[in-house]
Amino acid sequence: MFFFFGLIIIAIGLMNIFKPSLAWYLKEGWKVSGDSEPSDTYLALTRFGGVVAIIMGLFVMISGCSM
């Protein structure tokens, strides 16, 4: 079960690294009408969060295998 949760967390992390604008659209973008884009800072922090999520996902997978 931990292996499956780890894979989900890793998938979310990969999505945040490769498509951070999608995360912005799902959270904030749908609220505004017109031509609006996320800031560079938001994109950088979302990518950093993706790296952290991948590390956490790997930790969850490894800790699940040792049980």
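Start with the nonpolar patch: α1 and α2 each supply at least two of its residues. Helices here are DSSP runs of H or I, at least four residues, numbered from the N terminus. This is a predicted model, where local features need pLDDT of at least 70, side-chain atom pairs count only at pLDDT 80 or more, and totals for chains, interfaces and linings use all residues. Residues are numbered from 1 along each chain as its sequence is written, and side-chain values use heavy atoms, with hydrogens and water left out.

**Stop 1: the patch.** Select M1, F4, F5, I8, I12, M15, L22, Y25, L26 and W30. Which helix gives the largest share? That is α1, with five residues.

**Stop 2: W30.** W30 is exposed, at 55% relative accessible area. The classes are buried (under 20%), exposed (over 50%) and partly exposed (in between), with a 1.4 Å probe and protein chains only.

**Stop 3: inside α1.** Select residues 2-18, helix α1. Its 17 residues should span 24 Å, and the end C-alpha atoms are 24 Å apart, which agrees. The expected span is 1.5 Å times one less than the number of residues. Next, highlight G6, I10, G13 and N16, which are buried. They sit on the same side of α1, because they cover an arc of only 120° around the axis. That arc is taken from the directions from the helix axis to the C-beta atoms. An α-helix has 3.6 residues a turn, so residues three or four places apart point the same way. What covers the buried residues? The cover includes α2 (20-27) and α3.

**Stop 4: Y42.** Move to α3, residues 40-65, and select Y42. Y42 is partly exposed, at 25%. Beyond neighbours within four places in sequence, Y42 is in contact (heavy atoms within 4.5 Å) with P20, A23, W24 and K27. Y42 and A23 are 19 residues apart in sequence, and their C-alpha atoms are 10.0 Å apart.

**Stop 5: the salt bridge.** The structure holds one (side-chain nitrogen of Lys or Arg within 4 Å of a carboxyl oxygen of Asp or Glu). Select E28 and K31, whose side chains meet at 3.5 Å, N to O. E28 is partly exposed, at 31% relative accessibility.

Definitions and conventions
Patch = residues over 30% accessible without salt bridge, like charges linked within 9 Å, V, L, I, M, F, W, Y side chains within 5 Å. Areas by Shrake-Rupley, 256 points an atom, 1.4 Å probe, with all protein chains shown as cover.
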